Each structure stands twice: as C-alpha cells, then as structure tokens.
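Reader: Could you take me through this model, one topic at a time?

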Amino acid sequence: MCGIVGYIGYKQAYPVVIKGLKRLEYRGYDSSGVALLNDNKLNVYKKKGRVSELEELMIGKDVSATVGIGHTRWATHGEPSDRNAHPHQSASGRLAMIHNGIIENYAPIKQELLKKGYEFKSETDTEVLLNFIEDIQINNQCSLEEALRIALKRITGAYCILLLDKEDPETIIAARKGSPLVIGIGKGEHFLASDASPFIEYTKEVVYVNDYELAIVKPEELVLKNLGNEKITPFVQELDMELAAIEKGGYDHFMLKEIFEQPSTIFDCLRGRLDAAAGTITMSGIEENIIQLVNAQRILIVACGTSWHAGLVAEYIIEELCRIPVEVEYASEFRYRNPIINPGDVIIAISQSGETADTLVALEKAKENGAFIFGVVNAVGSSIARISHAGAYTHAGPEIGVASTKAFTGQLAVLMMMALKIAKAKATISDERYLMLLSELASVPEKIELILSRSEEMSAIAEKYLDASDFLFLGRGYNFPVALEGALKLKEISYIHAEGYPAAEMKHGPIALVDSSLPVVFIATNDVYHEKIISNMQEIKARKGQIISIITDGDDVTPSLSDDYFSIPAIDEVIAPILSVVPLQLLSYYVGTMKGIDVDKPRNLAKSVTVE
Ligand code: M6R
C-alpha cells in the first residue's frame, strides 16, 4: 500500500528512483511522483496514473541530482489526482516528503495549522504532517530531525516517511512506524525502499528499520536513532533475493509466471524439510517450540484475504490430525473485539507480505496479552516475521501479482507440514497415515506440473463464461476454503461478482440465484464428501445452472453432470487443496486477461495492505 523509494550517493538518482517505482508499483498505482535534490534546488514532479505516465511527464525535464525520493500511491486521504500525489512540499517549499501509511489524528492538527494561516494544496494527511513538522521547526528553532521527532510523538497512525530538505542536500531523513522500510548499504551510497526490490542489483547488504526509529542517511553514513534521540547500532543483514525473481521472465504477467512457478516454489518449500523416504519433517521453528505446540489448548489463526483462506484449510487439517481446537480469525475483527487469549493458546499468523497492518496490530495486541506467536510468512525479514516468537517461511520468493497464488500454495505446504509434525509428536496420527501423507505431499510439485501442462484446457473453459455477471463456487470439507479462494481470485482480477459457499449450505439461500445464466464451479475431487457433492450438483442441474467442475483423474460420473470439467491428479483429501486451487487460479487469470484487465494491477487493490 504505497511504495516509497529513495537514493543518496554518487549516481544519478532519477534512473534509480524511477526503476524502483516500477518495481514497487504492485503496492499502489493510482499516482506517482519524484522529488530530486540538486545542491539547493528541489524539483518535484508528480502525476495521476501509472508510473509510465510519470515517465512521460519527465521527458525533457531537469533530472540531474544525486539525491532523490519517489512514491507510488494507493489513495487513502483524497482521490487519485496530480495534487494528491506525493511528494508533497511544505508551505515554504523547503521540504519535500513521501509517506506510506495513515495519520489518524491529522484533522485536529490540520485545524491547528489552518488557524495559523497555513494553506493546503492537497487533501492528504501527508501534507498536514509535513507542514506540522515545518511549523514545529520554525517555532522551536530546532533541527529538522528534532522537529520530526517532536511531530512523531504527537501523531497517531502508521507511517514510513522520507524527508528532503533543500538546505541540507546531503541528507535523507526517514522514519517508520507500522509501514515497512529497508535501507540498502552501498559504497558511498544508500538506497531506501518499502522492500528491497528497487536496489537488489546494487547491494545485498540491508538494514530493516524498526518501528519508532529514525534514519539519518547520507552518502557515506547511516545513523539510526530512536524517538528519544539515542543512537541504535544498525543490524546489517545479507539479502537472499535475485533479480530474476522480480522480473517477468518471458511471461505476459507476473500472475501467470507465479502460477507456473508453483512446482518449484513448493519444491523449495519442502526442500530440506520433508524427507518422505526417511519419514521426517525438519522445521526448527516447530522443534524448538514443540512442547508449547503439542500442549496447545487452542490454536488461533489470524490472517486476511487469501492467507485467511489458507488458515481455514489449516483449521480442517489441524483439528483432524492433531486434535487441537482451532479458530480462524479475520485480523481486522480480532484486533478490535477484545478476544480472550488464554495461557495455553498458540497464535498462528499467516501473511504473504508480512506487513498487513490488520494482522500486524492483531499480533502486537495478542503478544501484549502473553500469546505465543508462530508466523507463517513469505517475505523474509518482514514485520510479522520479526514480531513472531517462532515461525516458518513459505519460501515462495517475491510475489508481485496482486492476486496471491504461489504464496497461498506455499502457505498450505508449510501448514500441512506443521500439522503433520505436531500430530506425530502428539501421537494423534498413525505411522501408516503419517508416512502416506508425507509421500503425498512430496508428490505435489510433480502433480502441479501436470495440471499446468494442460492450462490450455482451462483457457478454453474460461472463454465460454466470459460474459457471466456472477459465479458461484462450491466445495465441501477441505475444498470449501478452496471455493472461497476461487471466488476471491475471480472477483479480484475479472471484476465478476463471485461467491464461495460450502456446497451443502447453498440450499439455505444462494440456490435462489441459480438459473441458466449462472456458472457454478464445483470443487468435486474424490474425497469422503464426493457422493454428497454429486447430489449438490444434481440440485444445481435441476435448476438449469451451468456446472464447471474440478474433478479427480479417472472420475467418470461427474463429467456427465458437468457442462465443463477439469481433472487433476489423485491425491489424499488432506493435501488436495494445494492441487485443486491451481485450475481456479488459471480460470481467473484467463477470464481476467480475456476481459482485457491488467491482472497484475487490478483496480482499487494493492499488494501489501499496510493501512487498516
Ligand atoms: O500479505 P498478506 O498475505 O497478509 O495479505 C493478505 C491479503 O491482503 C491478500 O491475501 C489479498 O486478499 C490478496 N489480494 C488475495 O489475492
């Protein structure tokens, strides 16, 4: 949700910043802008629309500068427009600032400033904060750094800000609370960004800035301080990310690339952990906390969106295999409803980005109440990974398409291994079933490969249903969360209304929607519910609904009830969601692209939701 990037050093800043903005565009794309500082000349350029539109605006402009900041926006305060785009400039024109987050108490501060005669060019909370900082500096006759510290103590909300002062062209000042900031360390240069993608070809040495920290960044020097003005020693880490991971690599869209990467991302997730032949799962985060996990009285899973769907699958698996009660919570509800957290509870946080504001705050609150937090996170070094007591990375690599695909299947793989490992330690699973599920899990990369090799079949199905205005997705048991995920994917990237439902629940309401114009997608793979879901299909058929089914290879009953079907390799029902979701990802991808939608950047969405 908003991407920020900054450069200070000996290179020309503009090419670094604009390339960085393109890589961060997945975080927000309704407007973008740059501020370039050359000696004491501060130039700000901004434009509604995609970064490519900003680039066009920049043709012929003076871009020479070795200091620059840039922003790509996902609107919160004020509509997407040139004037609401960042960077903003202070009333005097001396300061320029970009901001990712929300200043919740901006209204009273704005009133205070209006009374003092300040005028605002935009509707943003960011411009209010910037003028507030300038006003404090003028009134207190203090340094900009000190003024920023005073301002940050007065505001509530979330921020990652980068600040330029044209009277100090050798410095970028940054601060964060609740929105991510990583600093890349080069020789005689520094890079600042929401994630490391803008600078991975320049340096692998990074410092993740923590909440309530300020960074005073010069070409040769990085000083970190807390809000009490005490210096903090930067913790420099080595980045494990390659440039190829954030490029399209010949695919038309990141989403398609990420769908097709799943055999290798699942393989990477299992590698070094699952050894089906030896019958072992090695996960240090679990082993080091096995007593806590085995004795858990209850597991609470906290997540949003697709990650929440992974949590629902985990609920079914953990309850069945480990016999531990599980509750799956939307982080946005959990954080506000004063939940009961008992000493024996374990919280599993699931997040691709590791920066989702609702999940992060929910965990902070749970942690304050003494909960043990286990993070299942994709983005290495992210905030959720860092506040968790223990965890397991999904190792899916950077996910850039807004619609989550490979991160979801990676989450499922980690959660399945977790459940198997806890079940084994608790002795709630027989040796035979344990070994069988291990070998089923190990077969997933190869089976996804088989599904993807037939992607054209799904493309043909998609073409038939392009004009539908609604879709229903139905599944039972382990495939119910997959139905929810299929519906979410379709909504996100094709703008077709879709609902996911437990198949049996359909007759308690949604069946009223069924007529000959409604496509109903059944996730009807072979499991204990198979006969029951066939009855549900009959109910739809009797009302002339159009049926698209996802079935298991060799099923010769379901095709006769279906207008279209796609079959997947046979697999145990516990592991089935990792496979059955893949055709649904393809369905939504093809429908979205055939409708001409930019599936990597669908309207109104952002990849990383860092505001509540
Ligand atoms: O980064 P997270 O996994 O915490 O993100 C949670 C949701 O915002 C995310 O899954 C969202 O629903 C995706 N756009 C789904 O495709």
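Reader: Which element gives the most to the lining of the largest pocket?
Author: α7 does, with three residues. Helices (H or I, at least four residues) and strands (E, at least two) are DSSP runs numbered from the N terminus. The model is predicted: local features need pLDDT of at least 70, side-chain atom pairs count only at pLDDT 80 or more, and totals for chains, interfaces and linings use all residues. Residues are numbered from 1 along each chain as its sequence is written, and side-chain values use heavy atoms, with hydrogens and water left out.

Reader: How much space lies in that largest pocket?
Author: About 1000 Å³. On a 1 Å grid over the protein atoms alone, a pocket is an open set of points with protein on both sides within 12 Å along at least five of seven lines, a cavity is a set where a 1.4 Å probe fits but cannot get out, and lining residues have an atom within 4 Å of a point. Grid points are joined across faces, edges and corners, and a volume is the space filled by probe spheres set on them.

Reader: Which residues are closest to the centre of the largest pocket?
Author: Met-241, Ala-379, Val-380, Gly-397 and Pro-398, out of 47 lining residues. β11 (205–208), β15 (236–238), α7 (262–270) and α13 (383–387) each supply at least two residues of the lining.

Reader: And how many cavities of 30 Å³ or more are there?
Author: The structure holds two, and the largest cavity has about 60 Å³ of space. Its lining includes Cys-2, Trp-74, His-77, His-86 and Asp-125. β6 (95–103) supplies the largest share of that lining, three residues.

Reader: Changing topic: what is the order of the open sheet that contains β27?
Author: The order is β24-β23-β25-β26-β27, with parallel pairing; two strands pair if DSSP finds at least two bridges between them. β24 (497–502) and β27 (564–568) are at the edges with a single partner strand each, so one side of each has no neighbour in the sheet. From one strand to the next, the twist averages 15°.

Reader: How many bridges join β26 to β27?
Author: Five bridges join β26 (residues 546–552) to β27. Among the partners, Ile-551 faces Ser-567 and Ile-548 faces Asp-564.

Reader: Which helix packs on this sheet, touching β26 and β27?
Author: Helix α17 (residues 455–464) does, and its direction makes about 155° with that of β27. Contact means heavy atoms within 4.5 Å; axes are lines fitted to C-alpha atoms, for helices over the stretch in contact, and angles run from 0 to 180 degrees between N-to-C directions.

Reader: Which residues of α17 are buried?
Author: Ser-455, Met-458, Ser-459, Ile-461 and Ala-462. They span an arc of only 165° around the axis, which puts them on the same side of α17; the arc is that of the directions from the helix axis to the C-beta atoms. The face turned away carries the exposed residues Glu-456, Glu-463 and Lys-464. Buried means under 20% relative accessible area, exposed over 50%, partly exposed in between (1.4 Å probe, protein chains only).

Reader: What covers the buried residues of α17?
Author: The cover includes α6 (254–260), α16 (444–452), β26, β27 and α21 (576–594). β27 is itself mostly covered, with four of its five residues buried.

Reader: What order does the sheet with β18 have?
Author: It is an open sheet of five strands, β19-β18-β20-β21-β22, with parallel pairing. Its edge strands, β19 (326–330) and β22 (390–393), each pair on one side only. Five bridges link β18 (residues 298–303) and β19 in the parallel sense, and Ile-301 stands opposite Val-328 in β19.
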